[in-house]
Amino acid sequence: MIDLTLDRKKMEANAAYCRAKGIKLPTFEMMRDPEKVPAEVKDKLAKTGLWDIDPVNLYRICWKNEPREKGGLFGGVNHLVLPPELTGCKASIVLLLGKWFPTGAHKVGATYGCLVPRLVTGQYDPQTTKAVWPSTGNYCRGGAYISALLACSAIAILPEGMSQERFDWLRSVAGEVIATPGCESNVKEIFDKCNELSASGEDLRIFNQFDELGNPLWHYNVTGPAVEEVIEPMLAKGKRFAAYVSSSGSGGTLGGGYYLKNRYPKSKLVVAEALQCPTLLTNGFGDHRIEGIGDKHVPWVHHCRDTDFVVAVDDEKPMRLLRLFNEPKGRDILRKQGVDPELVEQLDLLGISGIGNTLAAIKYAKYSELTEDDVVVTIATDSMQLYGSRVAELAAERGEYTEAVAWQDVQLMNDMTYDNVEELRHYDRKRIHNLKYFTWIEQQGRELAELNAQWYDADNYWFGTFNQAEQMDELINEFNDMIG
C-alpha cells in the first residue's frame, strides 16, 4: 500500500506554496475523464502550448488531449488501429499514442502518480527537497517536467547512451542531469547513483519508478480505462479482446493490463522485452537498442502472478522498421503494399519502443492463432519526436535507404514468427517473481515480508494498492480546497 499518512502542518505549508505559484491539481477522475476538468482551467489550456512550463498543463496528463501542439482541449483516446496490410497478422492491433502527452510520452502520468501523493499528504516539501528521477529516458523527462510545473528542483538520471534529443530537452528543464554509464539495460548503474545521492546528506526524495507503486497505480486507473473506452465499440460489433501487450520496462504500464484482466478475465497480459536482454524469458542479460525499456532485473512493481506471456523481440527489427516507417522510400513502398496512405503518414507516432511493442503484439497474435475477430492492444510510449538522431545515425552507418531494402523490411514485418514466446505456467511466473529477491532484497534493502506478500497475498497487496486512487482523489480535492 502507498503510505498516505498526513502531516497537516506540512500540507498547509504546501498548499500555501501552491497558492502562491498558481498551482492546482487534477484528480485521477479528471485524468480518466477530462470533461470533468473545470471550465476556467479549459479556458487557460486553450491558450497554452502542450509542452509549456505552465502548471495548467497538469490537467493535460491524460490520453485524450486534442492532437495539437498548442491550444488543444480534449477529445477521444489518441490511438491507431494497425491493419493486417501493415502487420501481416489477422488480428487488429490497437496502439495507444503517448505523443500527445506533455513531454511527448505517457511517462509523465506515472511521475504524477508517484509525486503528488507525497505532496498532498505533506510527506514532500517542494520548497526545500529535490525530486530525483532515475530512469532509462522518458520517466526522468516526465519527472523533470512535473517538478518544473510544481516549482520544485529536480535531478534527472539516465544512461549516457540514450538519444541526444532526450538530453537536449532535459538540460533546458531539469536543475541537474546525471548521465550514468551504459545504455538502456544498465539499470543497476542508475540505482547505484541513487544510493550515492542518498548517502550525500542532501535533502532529496528519490522517486524510483521501478519500485514506486504510484507508477502502476496511475496506469491501472487511467491507461486501463482508456483502453477499455477504445475497445468497447469494437467488442460491441462482435470482436474479442485477446490481450494487452506492454514492455517490461519499469513495470508501470503493465498496470493498465491488470485493470483489463479484471474487466475481461479471458484476456491475456503479455510482457515484451528485448531478445538481447531476455531477463524474463531466460534470466538473461545484455545490451540492446529498444529505447524506452530497462532490463537486467524484474521491477518491484511488476505483478508477476498476473502475467501470462513473455515475448522477446530482436532489437534489429525495430531499428530496421524505424527507417521503413520514416524514410520517404519506405513510406512509398508501404503505400504500394496497400497500406492506407493516411496511416502511413502517421507512422512517425511510433518511437522505437512502440515499434518493439507492435512486433511483440504481432508475435503473440501469430502464436495464439488469432483471427479477424480478435483485438490486441499495445502502447506507443513516445514518437519519432525523440529519435530523429537515430534515423540519421542509421543512415550514416548503413547508407542510403533504397527501394530494395524497403521491400526487405516490409517482408520482415509480414514474416514475423512466434519464436521466443513463452506461455507462463504457475511456476514460470514464480521463477520471474523470485528474481526480484536479488535486486530488491539483497541490493536495495526492501523487506522480504513484502516480497512474499506480493506473491502469497497478491490480491490484497496489488489491488488494495491500485484501489487507493479514490482515497487519493479525496486528498487532492481537500488539498485544492486548502489552496482556495
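Which residue in β4 is the bridge partner of Ala 131? Keep that question in mind while you set up your viewer.

The model is predicted, so local features are described where pLDDT is at least 70, side-chain atom pairs count only at pLDDT 80 or more, and totals for chains, interfaces and linings use all residues. Residue numbers start from 1 along each chain as its sequence is written, and side-chain values use heavy atoms, leaving out hydrogens and water. Helices (H or I, at least four residues) and strands (E, at least two) are DSSP runs, numbered from the N terminus.

**Stop 1: the sheet**

Select strand β3, residues 130–134, and strand β4, residues 154–159; the two run parallel and are joined by 4 bridges. Here is your answer: Ala 131 has Ala 154 as its bridge partner in β4. Trp 133 stands opposite Ala 156 in β4.

Look for Lys 130, which stands opposite Leu 204 in β6. Two strands count as paired if DSSP finds at least two bridges between them. Strands of a sheet pair through backbone hydrogen bonds, either parallel or antiparallel.

Zoom out to see an open sheet of 4 strands in the order β5-β4-β3-β6, with parallel pairing. The edges are β5 (176–180) and β6 (204–206); each has a single partner strand, so one side of each has no neighbour in the sheet. From one strand to the next, the twist averages 20°.

Next, show helix α6, residues 138–149, which packs on the sheet, touching β3 and β4. Contact here means heavy atoms within 4.5 Å. The direction of α6 makes about 160° with that of β3. Axes are lines fitted to C-alpha atoms, for helices over the stretch in contact, and angles run from 0 to 180 degrees between N-to-C directions.

How many of the 5 residues of β3 are buried? The count is 4, so β3 is mostly covered. Buried means under 20% relative accessible area, exposed means over 50%, and partly exposed lies in between (1.4 Å probe, protein chains only).

**Stop 2: a helix with a buried face**

Move to helix α13, residues 328–336, and colour its buried residues: Gly 330, Arg 331, Ile 333 and Leu 334. Looking down the axis of α13, you will find these within an arc of 160°, so they line one face of the helix. That arc is taken from the directions from the helix axis to the C-beta atoms. An α-helix has 3.6 residues a turn, so residues three or four places apart point the same way.

Just after α13, click on Gly 338, where phi is positive at about 100°.

**Stop 3: another helix and its cover**

Select helix α16, residues 388–398, whose buried residues are Ser 389, Arg 390, Val 391 and Leu 394. Among the elements covering them are α7 (164–173), α12 and α15 (352–367). Following α16 is Gly 399, with a positive phi near 90°.

**Stop 4**

Most residues other than glycine have a negative phi, and most peptide bonds are trans. Asn 283 has a positive phi near 60°; find it in the loop between α11 (279–282) and β9 (309–313). Asn 283 is partly exposed, at 38% relative accessibility. Glu 369 also has a positive phi, near 55°, and sits in the loop between α15 and β10 (374–380). Is Glu 369 buried or exposed? Glu 369 is exposed, with a relative accessible area of 69%.

**Stop 5: two helices side by side**

Show α19 (residues 436–443) with α20 (residues 448–456): their axes come within 10 Å and cross at roughly 150°. This makes α19 roughly antiparallel to α20, a label used for angles over 145 degrees. Display Lys 436, Tyr 437 and Ile 441 in α19, which meet Leu 448, Leu 451 and Gln 454 in α20.

**Last stop: Asp 428**

Finish in helix α18, residues 426–434, at Asp 428. Asp 428 counts as buried, at 9% relative accessibility. Leaving aside residues up to four places away in sequence, Asp 428 touches Glu 422 and Glu 423.

Conventions
Angles under 35 degrees count as roughly parallel, over 145 as roughly antiparallel, 65 to 115 as roughly perpendicular and the rest as oblique.
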